[in-house]
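Here are my notes for you to read alongside the model.

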Amino acid sequence: MTIVSNHLPTAELQALDAAHHMHPFTTNDELGERGARVITSAKGVYLRDSEGNQILDAMAGLWCVNMGYGRDELVQAATRQMAELPYYNTFFNTTHTPVIALAAELAKLAPEGLNHVFFAGSGSEANDTNLRMVRTYWAEKGQPEKSHVISRKNAYHGSSIGSGSLGGMSYMHAQGGMPIPGIHHIGQPDWWAEGGDHTPEEFGLARAQELEAKILELGPEKVAAFIAEPVQGAGGVIVPPSTYWPEIQRICDAYGVLIIADEVICGFGRTGNWFGSTTMGIKPHIMTIAKGLSSGYVPIGGSIVCDEIAEVINAVEFNHGYTYSGHPVCAAVALENLRLLQDENIIDHVNNVAAPALHNALEDLRDHPLVGGVNVKGMMASLPLTPHKESRAKFAMDAGTAGFICRERCFANNLVMRHVGDRMIISPPLVITPEEIGIFHTRAKLALDETYKTLKDGDMLKPAS
Ligand code: PXG
């Protein structure tokens, strides 16, 4: 067997990676030429790469390492569970203590009336569960035609064919036959990019009312559910105007449309509450969870389901489930992660320490000539880059070029701040300290300055007409 270890030279690791590893959402040939960055270890908010760089991870991995890296308690929880019961399934009338405890704990933490959990291995799987569950719910209630689901353009709900169809990423839909039938997408509440001369409040209301128009077009008797992230994450950290969610709630209530709140990013403290639904004032029927549930240490996802739906689904055999639904090791790690979040008062830390410090840092960056605004909720934020602040103009050059240049400058300055198009995205571990946020600020400013210089020198600061 080839021994691959961190002691191999970076170039050798990169060559082996390029030869055999197909990366997600990547043009692998291009990456192969450049060579992937090899991450060797991590501690707290810092990654270490094979060249010895210490990189501040302002993305918490992929929005998931809420408790930060290197927490021994999580390692121990996995080790203990691996020794005791590394695997057993939850099909065929069996259960085990980690899954019992985790389901009970989630029911305790979730908003009132959401007391039942269906486990999955990821957010994508959980959203596939949700799609089948809401359709089954209505079918069992004698309304099988109430099967359509409404989502939003530029939403991200996963990459399986079901969850990718629920998502609204057009570049994903362009490949592999998505979206599947019965899924519809309305506009997103992205005031910064699409609000034009409207006030955010007017625009938020108008975008919410697209839901009502779509429900009426399809017929309320045909619409099973609306799915949305409380705050869009992968779409660019889009914080909806204050008018948006109350109007969505009103519409869903009025037409008997279930709400699926996709909490995969917003959950577990990211927005300053246990769930983004609480922060945004949403009353969901189902919440999708993953990522921060285990701080990303092990793969686990799930659906937290309200009593009303559980009552119907539990009365029949729901022919759905995954080998790793409620995996004991993942459940044990998730449970320990929830204990850490509570015992260390991480949500208080977010609200009283980390988020205020992050917001200050971002407010300072708002004055940078390239930064068109600050979108922020708790510990998730984006900085849209623009050649013209006053008009929130897009660049004349291809979308994403400025964002890509800035991301590369961040990397060069030992900072992970990734880009979505021309927005820079920030979602650090929740345990980040004000000192570390100070380091984030210094590096981000440097990267923005260098990006600005590159764009200026290259005559790339022209606004789109
Ligand atoms: N819902 C939301 C809101 C997500 O952000 C998923 C579902 C799917 O979860 P899984 O565990 O199946 O990946 C996600 C995942 C990015 C990026 O580049 C974001 C995600 C995944 C990969 C990349 O921002 N979010």
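The points below go from the domains to the ligand and then to the backbone.

1. Ground rules first. This is a predicted model, so local features need pLDDT of at least 70 and side-chain atom pairs count only at pLDDT 80 or more, while totals for chains, interfaces and linings use all residues. Residues are numbered from 1 along each chain as its sequence is written, and side-chain values use heavy atoms, with hydrogens and water left out.

2. Domains. The assignment (automatic or from a database) gives domain 1 (37–70 + 345–457) and domain 2 (73–343). Their C-alpha centres lie 26 Å apart. Across the boundary, 37 residues of domain 1 are in contact (heavy atoms within 4.5 Å) with 37 residues of domain 2.

3. How much area do domain 1 and domain 2 bury between them? About 2800 Å², with 59% of it on carbon and sulfur atoms; buried area here is the accessible area (1.4 Å probe) that two parts lose on being put together, summed over both. On the domain 1 side, Trp63, Met380 and Arg392 lose the most area to domain 2, together 26% of what that side buries.

4. Polar contacts (pairs of N or O atoms within 3.5 Å). A ligand oxygen is 2.5 Å from a side-chain N or O atom of Ser124, and an oxygen of the ligand is 3.0 Å from a polar backbone atom of Gly123. A ligand nitrogen lies 3.5 Å from a backbone N or O atom of Tyr156. Taken on its own, the ligand has 540 Å² of accessible area (Shrake-Rupley, 1.4 Å probe), and the protein covers 84% of that.

5. Most residues other than glycine have a negative phi, and most peptide bonds are trans. Trp63, in helix α3, has a positive phi near 65°. Met178 and Pro179 are joined by a cis peptide bond, with omega about -5°; Pro179 is in the loop between α8 (170–173) and β6 (183–186).

Conventions: Polar contact = N/O pair within 3.5 Å; in protein donor to acceptor, adjacent residues only side chain to side chain. Helix = DSSP H or I, 4+ residues; strand = E, 2+ residues; numbered from the N terminus.
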